[in-house]
Amino acid sequence: MMSMQLRIHEFDLPLAHTFTISRESITVQKTLIVELEEDGFRGYGEATTNNYYGFTFENMAAALERVRQDLESQTLDDPVTLWQQLHPKLNDNPFAQCALDQAAHDLWGKKLGQPVYRLWGLEAKNLPPTDYTIGIDEIDVMVAKMQEFPDWPIYKIKLGTAHDLDIVRALREHTASVFRVDANCGWSAEETIRNSSELKSLNVEFIEQPLPADQGAAMEQVYRESALPVIADESCIVESDVERCVNRFHGINIKLVKCGGLTPARRMIDRARELGLQVMVGCMTESTVGISAIAQLLPLLDYVDMDGALLLAKDIATGVTIEQGKCKYSNENGCGVILN
């Protein structure tokens, strides 16, 4: 039995359209792919670069190099044990640990000849559909983007402009599908409460992260007075954040790169359930590598946002696929990923 081999890949992911949220616009997303090889099996994991959180390809790659010797001196038995072993050296770079943890799970499943979700004792039943995200743009462009994916069951609309309600009203004229809105910290408490009533009448399901993460007291007011449920994103990054969301949010949106991978995400899901919070897992603008890892968690979720690869002009891998919001698992084991 051979020990693991670590490879680090860099890719530029071209987007089909410029993607704009309240704080930035991008046309190309750089991403890091971890490849772990052992006994002829190859596992893959992903972490995209992120200016807002300060993670670059260079600092993620440097963090992974710190643990290369630890990795390549052993064989993989259990991804959770490996995560715990390496966390002291990677706790300052959860994005890097996420890519490594996803790759370890993919490799683990491939070695054992099972999909990861099945190794966790889960069944692919009653899976929540994924939304499709419409980035901020001129209203007619946002309508056109939505119509490229017609009859999708749920659309997630990025907001944080001076005419947010106009955007939602205009999009509603073209579909009866459910909407979710994400202000990416772009609103005030008063604005959120005021907007919530009309958004509810426009068949919006919930509001994601309306306020900046440091406005906990104001979120308590929103939680009490909003006509719609509110879901934490930037306010729920790591495991210790889950409890702080109680009485401020109705649910949490877990991002694998922010918390450090599948291993801590599963613990966050368990804790959220204990506290009576709804659970969503979201994605970045990422390839099928990262999306296929998210898919393993689907049986545990109320909501999911795993459309990242659908936003790309060109993908770098095969794995899970999404048709009209429904996830179809790969025939491959592990997370199901094959790098192109």
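A: One definition is needed at the outset: a residue is buried if its relative accessible area is under 20%, exposed if over 50%, and partly exposed in between. Please also note that this is a predicted model.

Q: With that in mind, how many of the residues of strand β5 are buried?

A: Five of the five residues of β5, which spans residues 154-158, are buried, and the strand is thus mostly covered.

Q: How many bridges join β4 to β5, and in which sense do they run, parallel or antiparallel?

A: β4 and β5 run parallel and are joined by three bridges. Within this pair, Tyr132 stands opposite Tyr155 in β5.

Q: What is the order of the strands in the open sheet of eight?

A: The order is β4-β5-β6-β7-β8-β9-β10-β11, with parallel pairing. At the edges are β4 (132-134) and β11 (303-305), each of which pairs on one side only. On average, neighbouring strands of this sheet are turned by 25 degrees against each other, direction ignored.

Q: Which helix packs on that sheet, and which strands does it touch?

A: Helix α8 (residues 189-201) packs there, touching β6 (178-182) and β7 (204-208). The direction of α8 makes about 160 degrees with that of β7.

Q: Moving along the sheet, how many bridges join β9 to β10?

A: Five bridges join strand β9 (residues 251-255) to β10, and the two strands run parallel. Ile254 stands opposite Val281 in β10.

Q: And over how many bridges do β10 and β11 pair?

A: Strand β10 (residues 278-282) pairs with β11 over three bridges, again in the parallel sense. Here Met280 is the residue opposite Tyr303 in β11.

Q: How many residues of β10 are buried?

A: Four of the five residues of β10 are buried, and the strand is mostly covered.

Q: Now the other sheet. In what order do its three strands come, and is the pairing parallel or antiparallel?

A: The three strands form an open sheet in the order β1-β2-β3, and the pairing is antiparallel. The edge strands are β1 (5-20) and β3 (41-48), each pairing on one side only. Neighbouring strands of this sheet are turned by 25 degrees against each other on average, ignoring direction.

Q: Over how many bridges do β1 and β2 pair?

A: β1 and strand β2 (residues 25-38) pair over twelve bridges in the antiparallel sense.

Q: What holds strands of a sheet together in general?

A: Strands of a sheet pair through backbone hydrogen bonds, either parallel or antiparallel.

Q: On to helix packing. At roughly what angle do the axes of α6 and α7 cross?

A: The axes of helix α6 (residues 139-148) and helix α7 (residues 164-172) cross at roughly 40 degrees and come within 10 Å. That angle makes α6 oblique to α7. The crossing of the two helices is right-handed.

Q: Which residues meet where α6 and α7 are in contact?

A: Ile139, Met142, Val143 and Met146 in α6 meet Asp166, Ile167, Ala170 and Leu171 in α7. The contact comprises seven nonpolar residues, no polar ones and one charged residue.

Q: Turning to the backbone, what is the phi of Asn184?

A: Asn184 has a positive phi of about 45 degrees although it is not a glycine. Asn184 sits in the loop between β6 and α8.

Q: Is Asn184 buried or exposed?

A: Asn184 counts as buried because its relative accessibility is 5%.

Q: Where is Asn247, and what is its phi?

A: Asn247 lies in the loop between β8 (230-232) and β9. The phi of Asn247 is also positive, near 65 degrees, in a residue other than glycine. With a relative accessible area of 48%, Asn247 is partly exposed.

Q: Lastly, where is Ala62?

A: Ala62 is in helix α1 (residues 57-66). Ala62 counts as partly exposed because its relative accessibility is 37%.

Q: How far apart are Ala62 and Lys158 in space?

A: Their C-alpha atoms are 33 Å apart, and Ala62 and Lys158 are 96 residues apart in sequence.

Definitions and conventions. Residues numbered from 1 in each chain as written. Predicted model: local features only at pLDDT ≥ 70, side-chain atom pairs only at ≥ 80, totals over all residues. Heavy atoms only, no water. Buried < 20%, exposed > 50% of the residue type's maximum accessible area, 1.4 Å probe, protein only. Axes fitted to C-alpha atoms, helices over the stretch in contact; angles between N-to-C directions. Parallel < 35°, antiparallel > 145°, perpendicular 65-115°, else oblique. Left-handed = near helix turned anticlockwise from the far one by under 90°. Contact = heavy atoms within 4.5 Å. Nonpolar A, V, L, I, M, F, W, Y, C, P; charged D, E, K, R; others polar. Pairing = 2+ DSSP bridges.
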